[in-house]
Amino acid sequence: MLIVMHHHATQDQMDQVLAAVKAMGLTAEPIPGSLRTAIGVLGNQGYVDDSTIRTLPGVRETIHVSKPYKMASRDFHPEPTVVDISGVKFGDGQKPVIIAGPCSIETEEQMLAAAAEVKAGGGQMLRGGAFKPRTGPHSFQGLGIEGLKYLQQAGKAHDLPVVTEVMRIEQLDAVCRYADMLQIGARNMQNFDLLKEVGKIQHPVLLKRGMSATIEEFLAAAEYILAEGNRNVVLCERGIRTFEKATRNTLDLSVVPLIREMSHLPIIVDPSHATGKRMLVPVMTKSALVAGAHGVMMEVHPNPAKALCDGAQSLSGNDFAELMKEINHLLEFLGY
Ligand code: PEP
Ligand code: MN
């Protein structure tokens, strides 16, 4: 439930409401804002009887929220969240962020070369996986900690904050030590124990949509992180599984304006995993930006033909530089 206070409500009246919520055995979360002051009520299993609250002085209205996500919703939090990663900002009013880099960290040289290409093209963040969620056990599984070191080194060498996937709770300390942002991959979107642990720290999180997750499930997954206290969450649409086989996944671009309306969290798009095809990455990148994405994450490899993972959807450094020119024209047209 959401309790909306009158504009002129006093602190005393707020305190009275907070005490009343507490007395009901529920948690009250004040939500200060420039547009209104509200109090979110959390911890209820079902419908909350609001008869006492509604009549307290200073209360304008109570709104029942029956969604499985509350802290992630615009109802609870009308003001946009801006997630700041060492000065690179995701969210409303910010220039969309371009994250690029290889699917997997392969060698020190490969990572340094990729970072140089990302920087030269004008990318703002570097990606690369050290712990890889591969479909089969015989595929390259990633370099682990050694890879994290190469990623950090390459990011520092080119002044690019880095993002990398964490698959298990046991990897969390190491990934936080080497990376500026944690990625939770599509396959782990509903790994609730991992979400809770990530929620207990303040490291920014890039949460990818599960391959068969509804928007409600996606936001409920973000809710797990927010509910534990970590508010630095960026969502990522990466395509969903449908009957279509011509592309790796089906890019659901309508999720971008929908999430922007339903949630205050930033949302970016990954056109590489969404399509699986290099040829489609530029046009889907531009489409995502037109749809209102707060950023794009794409795979860029110094030698896509030799990539140990996802070469067919990876751009070369030259492809990336060309695309960035088009992106910059488009962003200018869009008013950034
Ligand atoms: C990735 O970004 O490296 C990745 C594995 O993507 P996803 O989890 O979306 O499949
Ligand atoms: Mn990949």
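**A conversation about the fold and its manganese site**

Colleague: Among contacts between residues at least 6 apart in sequence, what percentage join residues at least 24 apart?

Modeller: In the protein chain, 69% of those contacts join residues that are at least 24 apart. Please keep in mind that this is a predicted model.

Colleague: How many helices and strands are there in the chain?

Modeller: The protein chain has 11 helices and 14 strands. The chain has a radius of gyration of 21 Å, close to the 20 Å that the globule rule gives for 336 residues, so it is as compact as a globular protein of that length.

Colleague: What box do the C-alpha atoms fill?

Modeller: Along the principal axes, the C-alpha atoms of the protein chain fill a box of roughly 70 × 45 × 40 Å.

Colleague: And what share of the residues counts as buried?

Modeller: Of the 336 residues in the protein chain, 53% count as buried. The accessible surface of the chain is about 14600 Å², and 52% of that surface belongs to carbon and sulfur atoms.

Colleague: How far apart are the mean positions of the positive and negative charges?

Modeller: They are 3 Å apart, with 33 positive and 37 negative charges in the protein chain.

Colleague: Let us turn to the metal. Which residues are the protein donors of the manganese ion (ligand 2)?

Modeller: There are Cys103 through SG, His273 through NE2, Glu299 through OE and Asp310 through OD. These donors lie 2.0 to 2.4 Å from the manganese ion (ligand 2). Their spacing in sequence is C-x169-H-x25-E-x10-D. Cys103 and Glu299 link distant parts of the chain, being 196 residues apart. Cys103 sits in the loop between strand S7 (97-101) and helix H3 (108-121), while Glu299 belongs to strand S14 (residues 295-299).

Colleague: Is Cys103 buried or exposed?

Modeller: Cys103 has a relative accessible area of 2%, so it is buried. Glu299 also counts as buried, at 0% relative accessibility.

Colleague: Where is the place of Asp310?

Modeller: Asp310 is in the loop between S14 and helix H11 (317-333). Although Asp310 is not a glycine, it has a positive phi of about 60 degrees.

Colleague: Where is the place of Asp159?

Modeller: Asp159 is in the loop between helix H4 (145-157) and strand S9 (162-165). Asp159 is exposed because its relative accessible area is 62%, and exposed means over 50%.

Colleague: Another topic, then. Which residues does Leu289 touch, leaving out those up to four places away in sequence?

Modeller: Leu289 touches Pro96, Val296, Ile327, Leu330, Leu331 and Leu334. Leu289 is in helix H10 (residues 281-291) and is buried, with a relative accessible area of 5%. Along the chain, Leu289 and Leu334 are 45 residues apart, and their C-alpha atoms are separated by 8.8 Å.

Colleague: Where is the place of Val205?

Modeller: Val205 is in strand S11 (residues 205-208). Its relative accessible area is 0%, so Val205 is buried. Not counting residues up to four places away in sequence, Val205 touches Met181, Leu182, Ile184, Val198, Ile225, Asn230, Asn232, Val233 and Val234. Leu195 is 10 residues from Val205 along the chain, with 9.7 Å between the two C-alpha atoms.

Colleague: Which helix is Glu217 found in?

Modeller: Glu217 is found in helix H7 (residues 215-227). Glu217 counts as partly exposed, at 32% relative accessibility. Beyond residues up to four places away in sequence, Glu217 touches Met189, Gln190 and Ser212.

Colleague: How far apart are Glu217 and His8 in space?

Modeller: From C-alpha to C-alpha, Glu217 and His8 are 37 Å apart, and they are separated by 209 residues in sequence.

Colleague: One last residue. Which helix does Asp12 lie in?

Modeller: Asp12 lies in helix H1 (residues 11-23) and counts as exposed, at 60% relative accessibility. Asp12 and Gly58 are 46 residues apart along the chain, and their C-alpha atoms are separated by 9.3 Å.

Methods:
Residues numbered from 1 in each chain as written. Chains lettered and ligands numbered in written order. Predicted model: local features only at pLDDT ≥ 70, side-chain atom pairs only at ≥ 80, totals over all residues. Heavy atoms only, no water. Helix = DSSP H or I, 4+ residues; strand = E, 2+ residues; numbered from the N terminus. Rg over C-alpha atoms; globule rule 2.2 N^0.38 Å. Buried < 20%, exposed > 50% of the residue type's maximum accessible area, 1.4 Å probe, protein only. Contact = heavy atoms within 4.5 Å. Areas by Shrake-Rupley, 256 points an atom, 1.4 Å probe, with all protein chains shown as cover. Lys, Arg positive; Asp, Glu negative; His and termini not counted. Charge placed at Lys NZ, Arg CZ, Asp CG, Glu CD. Donors = N, O, S within 2.8 Å, 3.2 Å for Na, K, Ca; no water.
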